[in-house]
Amino acid sequence: MAIPTTPSARLASEDFGPVTPPKPVYSQWLVKTIVGWSVFVGFLVALSWVFLALTRLFIWIGTLIPLDWGISQALGTIVSLVLVLVMVTATLLTMADRKWSALMQDRVGPNRARLSIIPFLRDKPLKGIPHILADVLKMVFKEDFIPQGAMADRFLFNLAPLLAFAPAFMLFAIVPVSPELTFWGARIQLQVARVDWGILYVFALASIAVLGTALAGWTSHNKLALLGGLRASAQLVSYEVTLGLTLVGALIVFGTLRLDTMAQLQGMTEAGLRAAASFANRAGDYLVRDESLLFGWLPAWGALFQPVGMILFLVAGQAEVKRAPFDTPEGDSEIIGYFLEYSGLKSGMFYIAEYAETVVISGIVTAIFLGAYHIPWLEPSIVRTTEGWLGASGIAWLAVFQVFAFIVKMLAIIWVLFVVRWAFPRFRYDQIMRLGWKMMLPVSLVNVALTGAILLWAGRDGLAWMGIIEWIAIWFFVAFSARAPQAAEAAGHSSTVAAH
Amino acid sequence: MDKARDAIPVPETDLSIGQRLYLREAIRGMEVLAKHFWRNLFGYRDPAPEILERKGPGVNLVTTINYPEERKPYPPGYRGMHRLVPRIDGRPRCVACYMCATACPAQCIYIEAGEYEDQAIEKYPVRFEIDELRCIVCGFCVEACPKDAIRMDTGTHAPAVLSRPLAVFDKEALLKGPAVEYPSDALTYGLPLRRPEPKEPEGPGVTSKGEVLR
């Protein structure tokens with residue numbers, strides 16, 4: 001809105017009295033909400049198809065080039081998963097973090113950045129998305145400041161943000177986002193590296209991230225940054241132990257280090273789905289039994305076998321990401337953090353790396369514990385229903401929905417991690433160490449020992465029973481642990497005041 | 001020995017075992033956050049300016065008023081921007097008596113008087129300017145006005161300006177809002193000119209200094 005220059009024009013342009021916006025009609029709002037969310041879900045499904053199609057496109061290009069070296073699928077998945085899925089999700093999370101925090105605290109969140117140069121987007125907050133653009137522009141145009149003391153280690157100073165940034169994205173290489181399937185006549189799978197040492201790769205790369213933070217703290221030539229770097233390295237090293245040991249429980253359950261095999265074992269195989277498709281016209285549903293379901297109805301997700309493992313992995317993952325309540329390395333209100341002396345895009349790389357790590361941790365949790373891309377119970381019927389839609393096979397359509405399911409599960413885990421951020425006060429440094437070494441490490445060791453023993457004693461079904469019992473125990477613990485009545489809380493407050 | 005043991009201060013706590021175990025309370029905290037999140041995400045935003053009036057099924061809990069687009073009305077007695085009250089014929093009620101300018105402690109009112117040639121009301125303001133940057137919003141001008149010609153009932157505050165001259169509001173800018181009329185007004189305006197005939201003084205006049213005029 002242009003500002004009128006003369007007082008008369010200024011006053012004349014305003015209404016006599018306060019502006020009260022018209023109240024929107026409830027039904028209109030309801031329709032808008034439903035349509036908006038449907039469009040969003042449709043967009044995610046379309047995006048899932050784009051990921052598959054992009055990978056297929058790269059394979060096709062690979063067939064045209066004589067010297068392919070067999071990396072065309074890897075390149076396609078790198079583009080679709082790492083560059084699009086992780087990068088875009090991480091970028092959007094910078095905004096989602098602020099916006100979701102606002103929703104949890106009954107605020108509207110950032111909405112003042114607007115794309116007023118585009119006529120039909122004038123004065124539209126667009127859910128705060130333009131703020132991302134504003135942030136990026138701000139970071140790009142900031143001075144790239146290097147402190148005097150860091151000049152001696154200038155190379156290391158510049159290397160640190162790269163070391164924090166790169167591993168976060170490289171970690172996603174072993175996360176399987178879709179099953180292996182035939183898509184337009186080529187075998188593809190949305191996973192960059194299908195390797196035998198999948199989980200070991202997670203451990204190895206997670207350790208590299210420590211170097212980035214430690215180097216940043218050390219080369220900044222700043223006491224507070226050094227303190228942050230020390231805290232970060234101590235915290236990351238401590239929690240990597242738990243992170244590794246919880247995954248050991250998972251690899252005992254699945255008997256493999258490969259994440260794609262782990263994902264496959266949590267749902268129906270392709271052969272079973274093909275059988276479902278071929279039986280479609282001949283016989284009833286009962287001919288195709290989902291063999292992956294435990295006891296005939298329970299999806300065999302990692303979370304079922306390893307509840308303690310999953311919760312510990314989430315907690316350790318949150319500590320690895322250095323987000324609240326484990327954000328002493330940053331400690332905005334006290335030491336600002338190991339990236340204190342970084343400015344411009346280098347600071348932005350630390351910032352983005354944090355969110356990319358969140359995405360990756362959620363992706364790994366989804367792949368190992370939440371059934372990866374599998375949609376429980378519905379897969380055979382989806383294959384049968386979609387068989388032949390637009391000339392594509394039911395398996396290919398299912399894969400699109402499976403990628404969609406993976407993204408939704410991943411977003412759900414990210415959301416939980418963000419809720420955790422506001423539910424817990426920040427731990428003190430000694431509390432973090434105590435939690436890591438004296439509580440989580442023993443529990444994860446016991447979990448590994450128990451899982452191994454039960455697998456030897458009672459096999460896979462025994463593990464399932466152990467998981468069910470653990471879930472029930474956790475639920476009892478949460479639901480029936482004593483809870484102070486409201487009146488006692490008020491009384492407690494006054495007595496503490498008196499005591500002071 | 002017992003005394004020594006008692007001397008060690010044991011941290012007192014009112015927390016029950018369940019609260020000290022932390023997990024239960026942590027999950028309760030997350031429950032609260034999740035409840036607020038979903039209610040605000042899917043909630044219907046009622047833009048009623050009074051927050052307490054925002055109720056009904058599905059109304060979200062966000063209490064923010066998006067200021068430039070939405071405004072909370074000021075209370076009825078609020079002293080806001082001045083306005084020059086118009087007569088029913090659109091001219092200002094002001095008779096340029098300078099009472100407001102005299103009463104103004106901040107001296108923010110500037111008036112230049114002019115004369116009507118054709119009306120019983122003799123004076124009107126040729127210029128009437130208020131410097132809103134000097135104004136201390138005390139309302140003395142409204143109190144002082146004998147003709148109810150200046151009011152502060154616009155319900156807005158002085159707008160932000162980009163340079164100081166823009167904060168000086170002239171007659172055209174101030175003259176707005178509903179017209180006001182009193183029954184006695186009909187006796188004074190709209191009537192034909194009544195100009196008394198000049199008469200010869202009957203006796204000698206006396207000035208204030210005691211001089212006799214012939």
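Among contacts in chain A between residues at least 6 apart in sequence, what percentage join residues at least 24 apart? In this predicted model, the share comes to 75%. Chain A has 500 residues, and 42% of them count as buried. Its secondary structure is made up of 16 helices and 2 strands.

Helix α6 of chain A covers residues 198–219, a run of 22 residues. From its first C-alpha to its last, α6(A) reaches 33 Å, which is close to the 32 Å expected at 1.5 Å a residue. After α6(A) comes A:His221, a residue with a positive phi, near 55°. Helix α7 of chain A takes in residues 223–254, and α6(A) packs against α7(A) at an angle of about 175°. The axes of the two helices lie 8 Å apart. Angles over 145 degrees count as roughly antiparallel, and α6(A) and α7(A) are therefore roughly antiparallel to each other. As for the residues that make up the contact of α6(A) with α7(A), 17 are nonpolar, 7 are polar and 1 is charged.

Turning to chain B, the picture is one of strands. An open sheet of 3 strands is found here, with the order β2-β3-β5 and antiparallel pairing. The edge strands are β2(B), residues 109–115, and β5(B), residues 168–169, each of which pairs on one side only. In general terms, strands of a sheet pair through backbone hydrogen bonds, in either a parallel or an antiparallel manner.

How many bridges join β2(B) to β3(B)? There are 7, and the two strands run antiparallel, with β3(B) spanning residues 123–131. B:Tyr110 stands opposite B:Glu129 of β3(B), while B:Gly114 has B:Tyr124 of β3(B) opposite. The pairing of β3(B) with β5(B) is also antiparallel and rests on 2 bridges. Here B:Ile130 has B:Phe169, in β5(B), as its bridge partner. Read along the order of the sheet, then, β3(B) stands between β2(B) and β5(B), joined to β2(B) by 7 bridges and to β5(B) by 2.

Conventions. Residues are numbered from 1 along each chain as its sequence is written. Chains are lettered from A and ligands numbered from 1 in the order in which they are written. This is a predicted model: local features need pLDDT of at least 70, side-chain atom pairs count only at pLDDT 80 or more; totals for chains, interfaces and linings use all residues. Two strands pair if DSSP finds at least two bridges between them. Helices (H or I, at least four residues) and strands (E, at least two) are DSSP runs, numbered from the N terminus. The expected span of a helix is 1.5 Å times one less than its number of residues. Axes are lines fitted to C-alpha atoms, for helices over the stretch in contact, and angles run from 0 to 180 degrees between N-to-C directions. Angles under 35 degrees count as roughly parallel, over 145 as roughly antiparallel, 65 to 115 as roughly perpendicular and the rest as oblique. Ala, Val, Leu, Ile, Met, Phe, Trp, Tyr, Cys and Pro count as nonpolar, Asp, Glu, Lys and Arg as charged, and the others, Gly among them, as polar. A residue is buried if 20 or more other C-beta atoms lie within 10 Å of its own, exposed if 12 or fewer, and partly exposed in between; C-beta atoms are placed from the backbone. Two residues are in contact if their C-beta atoms, placed from the backbone, lie within 7 Å.
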